[in-house]
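The sequence and structure are shown first.

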Amino acid sequence: MTLGVYKDREEFTAVLRDSNENNSKFKVVGQSHDHKWKLTDIDTSAIQEKFGSWVSKTQSFLKEKNIMPLVKTGQVGKPKPGNGVDDDQVDDILLVEQTISSRTPKGVLSLAAVVSIEQFSRMNGLTGLKMQRIFKALVPEPVYNDARNLVEYCCFRFLSRDNSDVHPNLMDPAFQRLIFITMLAWDNPYLEENTLYERSSEKDSFQGKFVREEAFVRIAPSIPGVANRATAYNLFKALAGDEDGISFVSWLTYVKELIKVHKARKAYQIRESPQISGERILCIGSSRKRPVLKWKNNMAWPGKLTLTDKALYFEKESVKPHLFWELMNIKTYMLNRYCCCSVIKQIGLQGEKDALRIDLTRQGLRVEKAKVGPFGVDLFDSAVSISAGPQSESWVLEFIDLGGELRRDVWHAFISEVISLHKFVNEYGPSDTDLSLLNVYGSHKGKEKATNSTINGIASLQALQYMKKLLDDPIKLVQFSYLQNIPYGHVVCQALAVNFWGGALITKFTEERLQPAKYATPSDQVIVSSNHVFDIDGSVYLRKWMKSPSWFSTESTNFWKNCSVRDGIVLSKNLVVADTTIVEKAAAICKKKYRVVEKTQDTINAATLEGIPNNIDLFKELLLPLTIIANYFEKVRRWEEPHLTISFVAVAYTIIFRDLLSYVFPMSLIILASTMLMLKGLKQQGRLGRSFAQVTVHDQPPSNTIQKIIALKDAMRDVENYLQSLNVTLLKIRSIMLSGHPQIANSFSGGKRPVVCEKVFFSGKLLKSPLMFNIEVLNGLDVPIITTEVALALLCSGTILLVVPFKYVVAFLIFDLFTRELEFRKEMVKNFRKFLKERWDMVPASPVIVLPFSSDEPKQTNQRRVKDEPWGIESEQ
């Protein structure tokens with residue numbers, strides 16, 4: 001093996017290449033772009049100095065077993081866009097002797113794969129060749145021949161040595177770069193072309209390379225504190241943005257922002273520990289230019305908001321006059337001078353120092369997005385509302401952000417995640433007083449593990465917020481809130497519960513009347529247990545902890561039947577080489593199902609039109625098949641095509657008198673299903689064309705604002721007229737059914753205003769509103785007689801249906817339907833319709849009484865305030 005150092009752009013890059021010409025382990029050679037160097041041209045002192053530096057670093061590693069830096073690090077600042085690991089941040093790449101062969105049965109190893117294997121092997125205290133031999137002895141040959149599995153083994157074996165919540169080496173810039181190289185190695189373990197590293201004139205670096213989704217989701221969640229398994233796909237989407245993958249710059253920036261968040265939390269925890277004991281601070285909202293306001297009874301108080309893993313604290317701050325006017329400018333509350341003066345009186349100029357607390361561990365809490373504004377007017381969509389139910393007092397917090405709604409959405413995700421965390425613990429975890437926790441090793445730390453997972457998820461969201469790389473809905477980046485609203489999310493929650501609370505059995509645990517449950521073991525079999533569920537490393541999750549009904553769903557049963565590890569190496573419950581963990585499998589299935597839902601929603605969004613005229617046109621286009629059928633049936637009924645009418649009537653009477661009516665509906669369903677399957681087959685064969693089943697709607701002509709306002713006004717008038725006509729019809733039916741009669745005299749005597757329907761027909765004439773009937777006219781409408789006539793008609797109809805066989809009734813209705821337009825019945829039908837219309841016009845509408853407006857809001861507010869005081873709002877002096 002040789003280690004060649006080539007100079008390119010005044011930067012040094014390490015290049016490996018095979019050599020059988022010399023038996024020495026290291027050989028320093030040089031090459032320029034134009035000609036070969038001579039030995040006399042080499043600066044021997046510089047080479048000796050560099051070589052001595054490398055040897056000292058190697059000896060330091062072997063002596064102290066510390067992490068050998070992948071690169072020589074200087075001052076680490078924000079990476080420059082477009083730069084890789086070989087620019088200003090890196091002086092040179094240090095790679096010790098390559099002990100593994102670059103040639104494998106499936107191809108030549110890439111530079112990233114060699115670097116990752118060798119570096120992690122030495123971080124494990126071995127060489128790459130020894131790690132390769134150990135791996136070969138542990139796995140079958142097909143698994144060994146895949147270089148991706150060797151990269152996983154070297155990386156995961158080092159990561160399995162640490163069980164902290166945030167990996168301590170994550171702060172080392174060299175380790176950050178090594179992880180990025182490892183993801184590249186996992187993504188492309190082989191060279192795209194079967195070439196060796198003999199292209200010394202080409203710059204072989206990691207500049208411009210991107211980590212794709214599969215590699216990121218596999219490696220990043222394996223590092224504690226970087227990502228959660230359930231939201232790793234969404235995190236990748238946020239970091240990648242519009243690019244093909246995650247660039248080196250985005251990765252470094254994300255990790256550095258993540259480290260800043262954790263350091264800031266430690267500082268907050270130390271500073272706030274006397275006031276908040278026993279709780280871990282997650283985020284603090286306090287800024288002069290971006291204040292947090294708490295609204296109550298149309299009054300807003302600025303203050304300091306502190307979110308912990310158990311509660312939410314709000315500490316009011318005093319409002320000075322000049323600060324208040326600055327706040328008014330930020331929120332644009334200066335509607336007019338009188339308005340601002342009123343708001344000053346509402347808020348006041350001296351605040352209180354009390355800290356209000358809302359307990360987020362209480363069950364039944366809800367957090368929703370809300371709108372706020374002065375004087376009860378919902379002007380600003382920048383607040384969240386936290387409540388325990390409709391009858392309880394709610395917290396309304398406004399997050400002022402000049403950049404948009406992202407700050408409110410992020411805080412909504414923060415609070416929702418903490419609430420969802422405690423809901424998850426209560427639903428899937430054992431209670432703190434459960435004695436069975438003593439029978440499972442480490443199960444008492446399950447709640448702490450779930451809390452740490454939530455804390456890391458919120459930290460990840462904060463880092464993305466600082467990078468300004470958020471998704472449209474930040475709640476997709478926090479796992480427990482995200483899993484509550486997606487398909488298959490309950491199975492992922494079960495896998496997380498087994499991961500958090502599962503452990504080795506200390507003593508034999510027995511319980512009576514246990515139903516059988518399925519679990520997987522590290523072997524290739526699925527074993528049926530009468531008690532518990534087992535993780536891939538043998539950790540047990542007790543049967544008595546399965547309080548959630550989701551454990552007995554079909555999806556859950558099928559998942560736990562097929563979650564065994566086949567040929568992989570189980571290093572821990574979170575690290576499996578050449579296979580996946582239970583949480584990873586559940587998250588992958590959940591991702592597939594959710595993406596189907598997303599694609600379906602995209603089709604719905606694409607089919608959704610804006611504007612009333614466009615939606616009316618679309619509705620007409622969708623109803624076009626039914627309209628065509630109705631028009632065709634009307635032609636048949638009117639005898640416009642006599643031969644079709646006679647055929648239809650003959651078939652109908654044959655079905656009726658042959659007693660085939662009971663087969664009509666089933667045959668209709670069979671014909672419909674056959675038609676659907678036939679169309680599906682023809683479409684798959686491509687015989688229907690691409691435009692088949694597409695709905696085409698012509699857009700409306702362009703119009704200005706005045707025209708749009710007029711069109712909207714006309715549409716609202718049409719809707720109002722339609723609703724008025726519908727209400728009149730319903731009031732008349734109510735009057736007939738209840739034998740109603742408008743008692744005008746009683747209404748006036750009671751001091752109430754009678755409201756008569758918009759349109760009333762009397763004696764064949766239309767009387768338009770506003771109209772006040774006199775008592776004599778109303779007494780002329782004999783509603784009880786009309787009610788009696790309708791009742792007798794219904795009684796006769798019921799008697800006929802009881803006495804006469806149903807087939808004769810249907811035959812009579814068909815005869816009536818197809819003979820109405822014939823000459824011998826046309827006049828009789830016309831007179832009958834005229835009679836019904838006259839009787840309908842004489843039916844008055846039931847009286848409608850509109851009571852004057854009265855507000856009982858103050859009384860209800862006081863009652864709610866007394867009721868909701870115990871549920872979690874506390875005051876600290």
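A residue is called buried when its relative accessible area is under 20%, exposed when over 50%, and partly exposed in between, computed with a 1.4 Å probe on protein chains only. By this criterion Ser-387, at 9% relative accessibility, counts as buried. The model is predicted: local features need pLDDT of at least 70 and side-chain atom pairs count only at pLDDT 80 or more, whereas totals for chains, interfaces and linings use all residues. Residues are numbered from 1 along each chain as its sequence is written, and side-chain values use heavy atoms, with hydrogens and water left out.

**Confidence**

- The mean pLDDT (the predictor's confidence in each residue, from 0 to 100) of the protein chain is 76, and 71% of its residues reach 70 or more.
- Mean confidence is lowest in strand β2 (residues 11-17), at 32, and highest in helix α7 (residues 213-219), at 96.
- Residues 510-529 stay under 50 in pLDDT, and the model gives this stretch 43 contacts beyond four places in sequence; contact means heavy atoms within 4.5 Å.
- Residues 742-780 are also below 50, with 49 contacts in the model beyond near neighbours in sequence.
- Where pLDDT is low, the predicted coordinates should not be read in detail.

**Overall make-up**

- The protein chain has 28 helices and 25 strands; these are DSSP runs, numbered from the N terminus, with helices being H or I of at least four residues and strands E of at least two.
- Of the 877 residues in the protein chain, 42% are buried.
- Among contacts with a separation of 6 or more, 70% join residues 24 or more positions apart.

**Nonpolar cores**

- The largest nonpolar core has 94 residues, and Phe-216, Trp-251, Tyr-254 and Leu-312 have the most contacts inside it; such a core is a set of buried Ala, Val, Leu, Ile, Met, Phe, Trp, Tyr and Cys residues joined through side-chain atoms within 4.5 Å.
- A second, separate core of 40 residues includes Phe-500, Val-540, Cys-563 and Val-583.
- Beyond four places in sequence, the contacts of Leu-312 include Leu-356, Ile-386, Trp-395 and Ile-415.

**Largest pocket**

- The largest pocket has a volume of about 1100 Å³.
- Its lining comprises 39 residues, of which Asn-163, Ser-164, Lys-449, Asn-499 and Asn-574 lie nearest the centre of the pocket.
- Two or more lining residues come from each of α13 (446-467), α15 (489-501) and β19 (569-572), and α13 gives the largest share, 5 residues.
- The lining divides into 12 nonpolar, 19 polar and 8 charged residues.
- A pocket is an open set of points on a 1 Å grid over the protein atoms alone, where a 1.4 Å probe fits, with protein on both sides within 12 Å along at least five of seven lines; lining residues have an atom within 4 Å of a point.
- Grid points are joined across faces, edges and corners, and the volume is the space filled by probe spheres set on the points.
- Ala, Val, Leu, Ile, Met, Phe, Trp, Tyr, Cys and Pro count as nonpolar, Asp, Glu, Lys and Arg as charged, and the others, Gly among them, as polar.

- Ser-387 is found in strand β13 (residues 380-387), and beyond four places in sequence it is in contact with Gly-364, Leu-365, Arg-366, Ser-392 and Ser-394.
- Arg-825 lies in helix α27 (residues 823-841) and counts as buried because its relative accessibility is 12%.
- Helix α8 (residues 232-240) is largely enclosed by the rest of the structure, because 8 of its 9 residues are buried.
- Gly-241, which follows α8, has a positive phi near 65°.
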